[in-house]
Every structure is written in structure tokens, then in C-alpha cells.
Amino acid sequence: MTFSVTILGSNSALPTTKRYPTAQVLNVSERFFLIDCGEGTQLQLRKNKIKFSRINNIFISHLHGDHVFGLIGLISTFGLLGRTNDLHIYAHSDLEKILTPQINYFCKDIKFGVIFHHLNTKKPELIFEDKNLTVTSFPLKHRVPTCGFLFKEKQKEPNIKKEAIAKYELSIAEIVRIKKGEPLYIDNVPVPEEELLIPPPPPRSYAFCSDTGYNTAMLQVIKGVDLLYHEATFADEHKELAKKTTHSTAKQAATIAKEANAGKLLLGHFSSRYDDLSILEKEAREIFPETYIVNDGEVWDVRCGDV
Ligand SMILES: [Zn+2]
Ligand SMILES: [Zn+2]
């Protein structure tokens, strides 16, 4: 099952010709979950050949322009494309107040509902669930109320071994029961589970953390995450500026990744003051070697060795 994230925008406030402001799209079995929607997101979706009709859920971390200015344009385009499926937006409650008049003015003829779900910016909360996935929001530390998001696969059932089906002539009903954990008795003796079942792979997870100052409170939610995206607006030489603006340095992002025991760390939301971002990668790798600077258009598998 595909579980990958495409970087649509990786800069902070100022869009440049190389980097758009923050937006990403998570592909979970060809269902697309949009995370933040900076200016130009719809162009980046087109460029990266993401089907607009497969986006039904948008998660907005906070209400700074570099994370939301692309929304009204995208909603308008959905309308022009004849969309009829409802669009769900998970965001701070103020977004509904800000966007509704714009939708009523610019997009009066749209044939779909825009449904707002208000985030709890004080504590972690399960905000989305389907048969494959859960999404949990959790508070970040920024100048305005901000949430990160943890996307986690649900635990799958084990697979049944083909040899076991043949050996014990198992019916479909028996297979279903065994996969759910019921024991199989042959002459009143239970067959050992390892003879019947192949254990499922551990569920994969992706955490999105932008924007935030250094914030260990998030560790309780993201502990053990496979792939962590954490903002790294500044290099270490600007750590005072990071503190003042409630952003992180690459080193701080790496410390969080290390504490969380993450599999891999992606850095983004860069200040446009850096022509060469390798300094951020270098500083972070001293603390957490599996760190990578992201670029717009890149696709990252949530965990290698996909099954
Ligand atoms: Zn930002
Ligand atoms: Zn911000």
C-alpha cells in the first residue's frame, strides 16, 4: 500500500522561484490528504500530477498566510472542475469565519459543501479515521494557535500461510476466524499460531510539525514515528531569532527527532536568507544523522521496504 508524502512547498513566508510556501500531500493508497495550502499549491498539485478529485481532506496547521493563502484559489478551481464531493477542512475555528465570506462571494456556484472541523489547539485529539488511517492533531508552540498532525496506518490483520490452508483444508470462514485471532483446534489440540499466520508489518506513521519553536511536549504523540517532518527555519547562528519568532533551528528539529526515536527526519520551512541550505543539514546531522533537506516536488516514502 502506498504511503508517501510529496513536498509541494518548502519555504517559509516568502515564496521564491525555487521554493513555494508550505504545502504537502500525503498519498495513502491513492487517496490524497493535503497538509497546509500556501500560495501556489494548486499549481504545484498540477505539476506533480496529483488528481484534484482525490483530495477530500485538507489539514491546516495554523492561520499564517504562508500556510493558507492557496485555499480560496484551490476551492474556486474545484468548483470550475465540477466537483460535487464535499471538502473537509480541519483548521482553527477562525478559518471558517475568514473563508466563508470569500466562498460566498467568489464561489457562490460551487456544487459541493465545504465542511469545517475545528481543531483543538490545547491538547492532542483524534480528528479523522477511516479503515486504513487515523489522524491525530497535537499542539505546537507558535505565535498563534498551531497544530501538528500525526498520520498513522491502522494495524492490519495477519496473513494466513498458504501451506496451512492446504494442510488443514481450511474453509473461508475458518480463515477469517483464524486471522482475527481465534485458535484452530485439531483433535482438541490448538495449532501453534506461527504455523498458521504471517504477522502483519508494523503500522507506518508520518508526523508533520510546522511551525513551532522547540517543543518537547509533542514527543508524547510522535514517539517512534517513521518519518518526521519538522520545520527548520533557521541555522544555529540565528537561534535567538528562532526563539523570538517561535520557530526552530535545524539542531532543535534534530533533537526532537532523536528524542522521538524517529526513523528519518525531513527539514523544511526555510528562511529565504540562506542561499546554501547544506549548513542546516550538516548541523542537524551532527545530532540526528538520518536528516534530509526537502525540495519541492520530492516524494518521500514513509518507510522503505513497502509491503
Ligand atoms: Zn510558516
Ligand atoms: Zn507561522
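A salt bridge here is a side-chain nitrogen of Lys or Arg within 4 Å of a carboxyl oxygen of Asp or Glu. By that criterion, a search of the whole structure finds 12 salt bridges. The model is predicted. This report takes the zinc sites, then a sheet, then several of the salt bridges.

**The zinc pair**

Asp-211 bridges the zinc ion (ligand 1) and the zinc ion (ligand 2). The two ions lie 3.5 Å apart.

Asp-211 and His-269 link distant parts of the chain, 58 residues apart. Asp-211 sits in the loop between strand S14 (205-209) and helix H8 (219-222). His-269 sits in the loop between strand S16 (264-268) and helix H11 (278-285).

The zinc ion (ligand 2) is coordinated by His-62 (NE2), His-64 (ND1), His-142 (NE2) and Asp-211 (OD). The distances here are 2.1 to 2.4 Å. Angles among the four donor atoms are 94 to 166 degrees, and the site is irregular. The sequence spacing of these donors is H-x1-H-x77-H-x68-D. His-62 and Asp-211 are 149 residues apart and link distant parts of the chain. His-62 lies in the loop between strand S4 (55-59) and helix H2 (65-68), while Asp-211 is in the loop between S14 and H8.

The relative accessible area of Asp-211 is 1%. His-269 is also buried, with a relative accessible area of 1%.

**The sheet and its helices**

Seven strands form an open sheet. Their order is S6-S5-S4-S3-S2-S1-S18, and the pairing is mixed. Strand S6 (114-118) and strand S18 (299-301) stand at the edges. Each has a single partner strand, so one side of each is left without a neighbour in the sheet. From one strand to the next, the twist averages 20 degrees.

Ser-4 has Asp-301 in S18 as its bridge partner.

Helix H3 (residues 71-80) packs on the sheet. H3 touches strand S3 (31-37), S4, strand S5 (87-91) and S6. The direction of H3 makes about 170 degrees with that of S5. Helix H4 (residues 94-106) packs on the sheet too, touching S5 and S6. The direction of H4 makes about 170 degrees with that of S6.

**Salt bridges**

| Pair | Closest N and O atoms |
|---|---|
| Arg-204 and Glu-153 | 2.7 Å |
| Lys-167 and Glu-195 | 3.0 Å |
| Lys-251 and Asp-236 | 3.7 Å |

Arg-204 forms a salt bridge with Glu-153. Arg-204 lies in the loop between strand S13 (197-198) and S14, and Glu-153 in strand S9 (residues 147-153), so the pair ties together parts that are 51 residues apart in sequence. Both residues, Arg-204 and Glu-153, are buried. Glu-153, Lys-156 and Arg-204 are linked in a network of salt bridges.

Lys-167 forms a salt bridge with Glu-195. This pair links helix H5 (residues 162-168), which holds Lys-167, to helix H7 (residues 193-196), which holds Glu-195. The two residues are 28 residues apart. Lys-167 is exposed, with a relative accessible area of 57%. Glu-195 is partly exposed, at 30%.

Lys-251 forms a salt bridge with Asp-236. Lys-251 is in helix H10 (residues 250-260). Asp-236 is in the loop between strand S15 (227-231) and helix H9 (239-244), 15 residues apart from Lys-251. Both ends are partly exposed: Lys-251 has a relative accessible area of 27%, and Asp-236 has 22%.

Technical notes. Residues are numbered from 1 along each chain as its sequence is written. Chains are lettered from A and ligands numbered from 1 in the order in which they are written. This is a predicted model: local features need pLDDT of at least 70, side-chain atom pairs count only at pLDDT 80 or more; totals for chains, interfaces and linings use all residues. Side-chain values use heavy atoms; hydrogens and water are left out. Donors are N, O and S atoms within 2.8 Å of the metal (3.2 Å for Na, K and Ca); water is not among the atoms, so sites may look incomplete. Helices (H or I, at least four residues) and strands (E, at least two) are DSSP runs, numbered from the N terminus. Buried means under 20% relative accessible area, exposed over 50%, partly exposed in between (1.4 Å probe, protein chains only). Four donors count as tetrahedral if all angles lie between 85 and 135 degrees; four count as square planar and six as octahedral if opposite donors are over 155 degrees apart and all others between 65 and 115; anything else is irregular. Two strands pair if DSSP finds at least two bridges between them. Axes are lines fitted to C-alpha atoms, for helices over the stretch in contact, and angles run from 0 to 180 degrees between N-to-C directions. Contact means heavy atoms within 4.5 Å.
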